[in-house]
Amino acid sequence: MHLNSLTIDQVREALQQGHTTAIRLTESFYARIEVEDAAIGAYLTLSKERALQKAARIDALVSRGEQLPCLAGVPVGIKDVMATRDVRTTAGSKILANYIPPYDSTAVARLEHAGAIVLGKMNCDEFAMGSSNENSAYRPVHNPRDLSRVPGGSSGGSAAAVAAGMAVAALGSDTGGSIRQPAAFCGVVGLMPTYGRVSRYGLIAFASSLDRIGPLAKTVKDAAILLHTIAGRDAMDATSADLPVPDYVAELDKPVAGLRLGIPREYFADGLDGEVRVAVEAAIEKLGSLGCEIVPISLPHTEYAIPTYYLVATAEASSNLARYDGVRYGYRASGVQSLSEMYERTRDAGFGPEVKRRIMLGTYALSAGYYQAYYLKAQRVRTLLARDFDQAFQKVDVIVTPTSPTPAFKLSEKTTDPLAMYLADVYTVTADLVGIPGISVPCGETTQGLPVGLQILGRHFDEGTILHLAHQYEKNRAHGA
Amino acid sequence: MKVAEKDVLYVAALANLELSQDERQSMLRDLNAILNYVDLLNQLDTAGVTPTLQVAEPIGTEQNHQAVQMREDELYGLRPSLSQDTALANAPASHRSFFLVPQVIERS
């Protein structure tokens with residue numbers, strides 16, 4: 001069985017026809033991780049006992065001839081920012097090095113309820129803050145397509161594991177591009193659903209008005225199956241939307257002719273790598289040949305998205321990360337004399353440099369005298385960004401752009417300049433700020449063999465259209481692009 | 001320069017961070033670079049523009065109006081919660097049913 005290309009449907013079929021068992025499949029994934037992951041670093045923690053128990057249950061269903069749930073036996077990885085009961089959850093941070101959650105996040109519980117096997121927890125930037133996975137407090141992740149390069153971030157472990165055949169699919173989280181950008185860098189599919197589409201109960205909070213959970217997978221169809229499994233109202237998350245969840249898979253094969261694709265000129269300006277441009281323009285041409293209408297548009301406030309993002313996200317992070325105080329869970333500094341000394345020394349030793357930088361920036365932006373000038377200003381500009389999209393979506397059905405301005409960069413290339421790293425998210429952050437869904441789907445390679453991602457953004461709660469378009473692109477590209 | 005070293009110390013205290021001497025210097029440099037960059041936002045006139053604090057609020061699309069609803073103001077009854085033992089299991093220090101912390105009130 002080719003673990004590299006294995007999809008959800010193939011797992012089901014193999015189990016149903018008795019070609020393998022869930023236990024054998026799980027063990028073969030662990031064997032592969034054992035061999036491959038030393039060089040890649042995608043996993044932080046393996047949950048073998050739990051995985052093999054779940055696999056045994058699937059095998060029992062098969063042997064009784066019962067109907068298999070939709071993700072039966074599918075080995076998945078979970079970004080280490082989602083709580084997993086009795087399985088260490090670190091958020092890529094030393095401050096949570098020994099944290100054992102007493103409950104499961106809803107997204108994980110829903111995957112397991114549908115038969116998925118959780119292999120382990122995926123490496124990521126500390127508290128999901130980063131674009132290269134180099135902010136993990138444990139180890140960097142190497143891009144399986146070129147080990148000298150980053151896998152993207154912050155869901156770098158999730159993307160790398162899927163690309164290297166160390167999981168059939170994975171869950172990631174996206175606050176500024178953290179699902180789509182690593183998906184593009186590693187050559188896999190990454191889907192960020194609409195804000196509110198998927199419950200965040202059990203997601204370790206970074207920026208609460210932005211954070212979203214979504215799948216990384218090898219195919220658009222797998223992403224659609226996973227979204228369908230995890231989406232929908234959850235009483236444990238007040239921000240989860242009480243809207244019906246469509247059957248995304250059933251809609252994948254509708255024709256795309258007549259769909260109006262907006263191409264924002266600001267996403268093809270200076271700073272876009274030449275080879276990325278060529279690949280993305282070829283993909284747009286392909287979509288045109290399938291009968292889509294290509295409509296040039298403008299999103300005039302695009303250049304303001306990154307500064308807006310770094311004020312909003314850091315302000316929210318400074319508040320969310322106040323809970324790491326060494327009292328109820330996580331690391332506590334030893335040998336301290338007073339409570340305030342404990343707080344300071346715990347947080348100083350427990351957080352890494354980028355997390356401290358963002359806490360400092362966010363605290364400053366919220367502090368007396370600066371709240372209006374920075375935090376509220378950014379939230380007002382966020383409204384202007386939302387209006388850009390509202391106006392665009394009156395003329396077009398989806399917006400098509402590159403996912404990232406460059407292919408995967410080298411490790412250490414951007415670590416000394418925080419601003420240069422922030423600009424890696426220039427095409428992804430706006431969708432986070434305005435709450436709309438987006439998908440990155442592979443659209444070719446550079447001459448050096450580095451994957452390029454095509455980003456498709458849709459209207460609020462219209463994941464159906466972006467999945468459907470991405471699927472048709474994927475299918476037709478495979479057939480002689 | 002937007003921020004001076006004393007501002008870094010003030011903000012670090014607000015955030016309960018100690019910061020080493022080296023960290024203070026790099027923080028000073030990075031915060032100034034980032035704050036200079038975000039000045040870009042001042043090119044925009046946002047007078048009269050409502051801040052978007054939360055995208056789950058209606059922001060203009062029909063569908064979004066019904067997306068997030070308040071639940072009825074009713075007590076659902078006592079929902080199961082973590083046992084005391086479970087809630088304390090991750091604590092760095094505990095005593096009986098309490099989280100244990102260093103002395104809070106200084107003796108004079």
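I began with the domains: chain A is divided into domain 1 (8-251), domain 2 (260-301 + 381-478) and domain 3 (307-372). These bounds come from an automatic or database domain assignment. I noted that this is a predicted model, where local features need pLDDT of at least 70, side-chain atom pairs count only at pLDDT 80 or more, and totals for chains, interfaces and linings use all residues. Residues are numbered from 1 along each chain as its sequence is written, while chains are lettered from A and ligands numbered from 1 in the order in which they are written.

**Chain A overall**

I looked up the secondary structure of chain A and found 15 helices and 11 strands. Helices (H or I, at least four residues) and strands (E, at least two) are DSSP runs, numbered from the N terminus. The C-alpha trace of chain A spans about 65 × 55 × 45 Å along its principal axes. I then checked burial: 62% of the 481 residues of chain A count as buried. Buried means that 20 or more other C-beta atoms, placed from the backbone, lie within 10 Å of the residue's own.

**Domains 2 and 3**

I find the C-alpha centres of domain 2 and domain 3 of chain A 33 Å apart. In this pair, 7 residues of domain 2 of chain A are in contact with 5 residues of domain 3 of chain A. Contact means that the C-beta atoms of two residues, placed from the backbone, lie within 7 Å. On the domain 2 side, α12, α13 and α14 (429-434) of chain A each supply at least two residues. α12(A) gives the most to that side, with 3 residues. I sorted the residues of the domain 2 side: 6 are nonpolar, none polar and 1 charged. Here Ala, Val, Leu, Ile, Met, Phe, Trp, Tyr, Cys and Pro count as nonpolar, Asp, Glu, Lys and Arg as charged, and the others, Gly among them, as polar.

**Chain A against chain B**

I turned to the contact between the chains, which takes 58 residues from chain A and 46 residues from chain B. On chain A, the elements that give two or more residues are α9 (305-320), α10 (339-350), α11 (353-366), α12 (371-395) and α13 (418-422). The largest share of this side, 12 residues, comes from α12(A). I count its residues by class as 30 nonpolar, 14 polar and 14 charged.

**Helix α5**

Last, I checked helix α5 (residues 156-163) of chain A. It is largely enclosed by the rest of the structure, because 8 of its 8 residues are buried. Among them are G156(A), S158(A) and V162(A). After α5(A) comes G165(A), whose phi is positive, near 70°.

How values were computed: Buried ≥ 20, exposed ≤ 12 C-beta atoms within 10 Å, placed from the backbone.
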